[in-house]
Amino acid sequence: MGEAITELKGTDRIIVPIKLEPHTKFKFTCGPGVPCFKLCCSELYLPLTPYDILRLRNRLKLTTDQFLVAYTEPFILPKSKLPVARLKMRNDEHKTCPFVSEKGCQVYEDRPLACRYYPLGLGIFRNRDEGRNEDFYYLVKEGFCQGLDSGPEITVEEYRQSQGIPEFEEPVLEWAEIIMKKESLGPIDVPQKSLELFFMVSTNPERFRSFVFESRFLEIYEVDKETIEKIKEDDLALLQFGFKWLKSVLYGENLIPIKKDLPKKKKMKPF
Ligand code: SF4
Ligand code: SF4
């Protein structure tokens, strides 16, 4: 097993606080044959990443507004206090996920990142000696899950690959950085307008696209023609652009610079 960790960030559901490395092996099996099949698909606090929303919306052939209204509710991330959308559970006895059926997950190929990770979790470890954050993985051992400690051994990285995690994680790395940075800043006051901008980019590409193309955005920010053409059509490119813009607006990183000849009063303040 990996080394014990002494400081945790980014999760509240740790039962076994053991740091797992990509090469750490664990035993796990899951599928329609396990007695606990689907038990993990109820009573969840399941925050959706912007890419989760894109994939699910496309799969269900809905507009983002339709998807958000039907399947999500606003949620404040406990550590960063940033607003995101989480999956809204059904109003049934067990508060089941809206996508679970007798046969299992109905959106399996497009299931959210958190579902892909389970029973692993991803967190951040503050390495004080080296003064930097490191990713780590941990096991979420919940009593009802009978798949743990049975089946063949698999490394953390093999499991990540088998669940298609890199494909879902890579598009939201910059988004995760924004959240982690806010966590590391501690309990500071954030203007309501900044929270609304974060929520818009994090949940609704159509609204963000309208904001870019139907407001004075392109009069204020330096955006090259190639990027403008790309984000008109490509939702994933729009997301990446949105994350860079959020870093500029929230943290003053200047990744999407303000035009030089703009009057000072038009500038947006960082946190
Ligand atoms: S999206 Fe699928 S895997 Fe995730 S909780 Fe719902 S039914 Fe389960
Ligand atoms: S509880 Fe564990 S073993 Fe059972 S279906 Fe869920 S992940 Fe698989």
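A residue is taken as near a molecule if its C-beta atom, placed from the backbone, lies within 6 Å of it. The model is predicted, local features need pLDDT of at least 70, side-chain atom pairs count only at pLDDT 80 or more, and totals for chains, interfaces and linings use all residues. Residues are numbered from 1 along each chain as its sequence is written, while chains are lettered from A and ligands numbered from 1 in the order in which they are written.

**View 1. Surroundings of ligand 1.** Around ligand 1 lie Cys 41, Leu 44, Cys 97, Phe 99, Val 100, Cys 105, Val 107, Arg 111, Pro 112 and Cys 115. By class this shell holds 9 nonpolar, no polar and 1 charged residues, where Ala, Val, Leu, Ile, Met, Phe, Trp, Tyr, Cys and Pro count as nonpolar, Asp, Glu, Lys and Arg as charged, and the others, Gly among them, as polar.

**View 2. Pro 78 in its loop.** Pro 78 sits in the loop between β3 (72-76) and β4 (83-87), strands being DSSP runs of E with at least two residues, numbered from the N terminus. Pro 78 counts as exposed because it has 12 C-beta neighbours inside 10 Å (buried means 20 or more other C-beta atoms within 10 Å of the residue's own, exposed 12 or fewer, partly exposed in between, with C-beta atoms placed from the backbone). From C-alpha to C-alpha, Pro 78 and Glu 183 are 9.4 Å apart in space, although 105 residues apart in sequence.

Key: Helices (H or I, at least four residues) and strands (E, at least two) are DSSP runs, numbered from the N terminus.
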